[in-house]
Amino acid sequence: MPDFLSFISEILWGSVMIYLLLGCGLWFTWRTGYIQFRYIRQFSKSLKRSLTPREGGLTSFQVLCISLAARVGSGNLAGVALAITVGGPGAVFWMWVAAIIGMASSFAECSLAQLYKERDASGQFRGGPAWYMSRGLGMRWMGVVFSLLLLLAYGLIFNTVQANSTAHALEYAFDIPKIVTGVVMALLSLLVIMRGLRGVAKFSQWLVPFMGMLWVVACLLITLWHIVELPAILEMIIRSAFGWQEAAAGAVGYSVSQAITSGFQRSMFSNEAGMGSTPNAAASASSFPPHPAAQGIVQMIGVLIDTIVICSASAMVVLLAGHGTKTTSYDGIQLIQHAMNVLVGEWGASFVAFVMMLFAFTSIVANYVYAENNLIFLRCNKPWAIWLLRIGTLLMVVAGSLLNLPVVWQMADVIMALMAMTNLTAILLLSPVVRIIAIDYLRQRKLGVTPVFDPDYYPEIAQQLAPESWDQPPRQ
């Protein structure tokens, strides 16, 4: 089984996904007028506006925290260590590149999710890739395929990754049996997910900023303590990214390809740009300004925080500890724990275990929210179906704590690629709509008015939207 999964993963990631991700990101960078670069100065203002409560949905900040809860998980710790192990220090550079390019893809998918959102029976906004495939493309069958892939990925497989990394971390630091970690995480997750979408949003808006700041500040202090080594680390990242470091050994092609592949894989697993997961959260926001592009811009901030900030912090710890060369180890979380021990002493592994537990716990909860959202699209959100999903999610958390790590990561890579291929195909087909959204938003910004999306200006789009999803508030 591991050999089969590895073979499929190599086919998907060896060429198909790299070109698709790059092409899609570059396409939307151009089609949106380089929006991730033009609006980087507006990110702080967008974050401030995201706190504004609006009727009929969650605040943009709550939705950002839910999406960060799903993004910030084992990929930010174990995933970064794995990327460096397999692809060398150069993988870090390609993680940055993938994130910057992926911001445009994230803008596209999250703006579309906002545009095609609809209200559920309780009046809460719902949406995501399945909705824009159904409404925007008129391909409900495609939405069904995507929803099933997402249920498999976020309801089951990805949770095994989170539980696996946490179980290894706690066993390494405190000698806690893996089965105990799995059972406790499953029970704690059940307590949170039973509170529903709004309960998870309130939980995430307090815990996610705390855990992110905790890790980043710790890594920043360690980096500052070793500031004299930083220029050499950055040089090593750049040289390795382009094969200059390995040129003398005649392994340029292999080294560069491994760095690019590892960097893109781990970047996407971490920030999820283009995968189609984050739009499930983005659609539930009642954005301010009341324009689909507003939520797209807020979610671009999530990609920036996740990869450029948090993943880079983890990479600095691994590289400063002297683990910049390839090894045959696949236990990423223990590698980063050992790196922390080297840099700060024996308490480092315990600190990593604690942070990993927070990252994984919030990811499992947010993953479940995404999965339940797609039950609504499939019209299977009956109590029995919801409880079946909950039981399946919790069983996979327990099982994940006991599984072999290479198998878990390979399964995650395969399902992630299939989801991304489906979603990227959809947003590329809808790229004319994405361009309209971006241009409409930028036009109103230039006029100095608060952007408000008015479907009446775009009759072809208006007939695809859910009734009352874009009732016009008065301009402010």
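## Close-up views of a predicted helical model

**View 1. Ser-147, a buried residue of helix H8.**
With a relative accessibility of 0%, Ser-147 counts as buried, because that value falls under the 20% cut-off. The model shown here, and in every view below, is a predicted one. Ser-147 has its place in helix H8, which runs over residues 140–174. Which residues does Ser-147 contact, once its neighbours within four places in sequence are left aside? They are Ala-130, Asn-374, Phe-377 and Leu-378. Of these, Phe-377 falls within the residue range of helix H16, 347–377.

**View 2. The whole chain, as a setting for the close-ups.**
The protein chain holds 20 helices and two strands. Of its 476 residues, 62% count as buried. Among contacts with a separation of 6 or more, 83% are between residues 24 or more positions apart. The accessible surface comes to about 18100 Å², and carbon and sulfur atoms account for 67% of that area.

An unreviewed UniProt entry gives "transmembrane region" for residues 12–30, 137–156, 176–194, 206–228, 347–371, 383–403 and 415–438. Two of these spans can be followed in the coordinates. Residues 206–228 are 87% helix and 0% strand, with the end C-alpha atoms 35 Å apart. Residues 383–403 are 86% helix and 0% strand, and here the end C-alpha atoms are separated by 30 Å.

**View 3. The largest nonpolar core.**
Which of the 155 residues in this core touch the most other members? They are Leu-112, Leu-115, Tyr-132, Phe-158, Trp-215 and Phe-359. Helix H16 (residues 347–377) supplies the largest share of the core, with 19 residues.

**View 4. Helix H17 and its packing partners.**
Helix H17 covers residues 383–400, 18 residues in total. From first C-alpha to last, H17 reaches 25 Å, close to the 26 Å expected at 1.5 Å a residue. The buried residues of H17 are Ala-385, Ile-386, Leu-389, Arg-390, Gly-392, Thr-393, Leu-394, Val-397 and Gly-400. An α-helix has 3.6 residues a turn, so residues three or four places apart point the same way. What do the buried residues of H17 pack against? Their partners are helix H8 (140–174), helix H9 (178–193) and H16.

Val-92 belongs to helix H6, residues 90–115. Its relative accessible area is 1%, so Val-92 is buried. Leaving out residues up to four places away in sequence, Val-92 touches Ile-84, Ile-237, Ala-315 and Leu-319. How far is the C-alpha atom of Val-92 from that of Ile-308, 216 residues apart along the chain? The separation is 9.7 Å.

A pair of aromatic rings is described by the distance of the centres and the angle of the planes. The count for this model comes to nine aromatic pairs. In one of them, the rings of Tyr-154 and Tyr-370 have centres 5.5 Å apart and planes at 65°, so this pair is edge-to-face. Tyr-154 sits in helix H8 and Tyr-370 in helix H16, so the pair ties together parts 216 residues apart in sequence. Tyr-154 and Tyr-370 are both buried. In another pair, Phe-453 and Tyr-458 have ring centres 5.9 Å apart and planes at 10°, so this pair is stacked. Phe-453 and Tyr-458 are buried too.

**View 5. Two loop residues with positive phi.**
Most residues other than glycine have a negative phi. Tyr-34, although not a glycine, has a positive phi of about 60°. Tyr-34 is found in the loop between helix H1 (2–31) and helix H2 (35–38). Is Arg-379 buried or exposed? Arg-379 is exposed, with a relative accessible area of 62%, whereas Tyr-34 is partly exposed at 43%. Arg-379 lies in the loop between H16 and H17, and its phi is also positive, near 60°.

Terms used
Residues numbered from 1 in each chain as written. Predicted model: local features only at pLDDT ≥ 70, side-chain atom pairs only at ≥ 80, totals over all residues. Heavy atoms only, no water. UniProt positions renumbered as here; feature names shortened; annotations may be inferred. Helix = DSSP H or I, 4+ residues; strand = E, 2+ residues; numbered from the N terminus. Core = buried A, V, L, I, M, F, W, Y, C linked by side-chain atoms within 4.5 Å. Buried < 20%, exposed > 50% of the residue type's maximum accessible area, 1.4 Å probe, protein only. Expected span 1.5 Å × (residues − 1). Contact = heavy atoms within 4.5 Å. Areas by Shrake-Rupley, 256 points an atom, 1.4 Å probe, with all protein chains shown as cover. Phe/Tyr/Trp six-rings, centres within 6.5 Å; stacked < 30°, edge-to-face > 60°.
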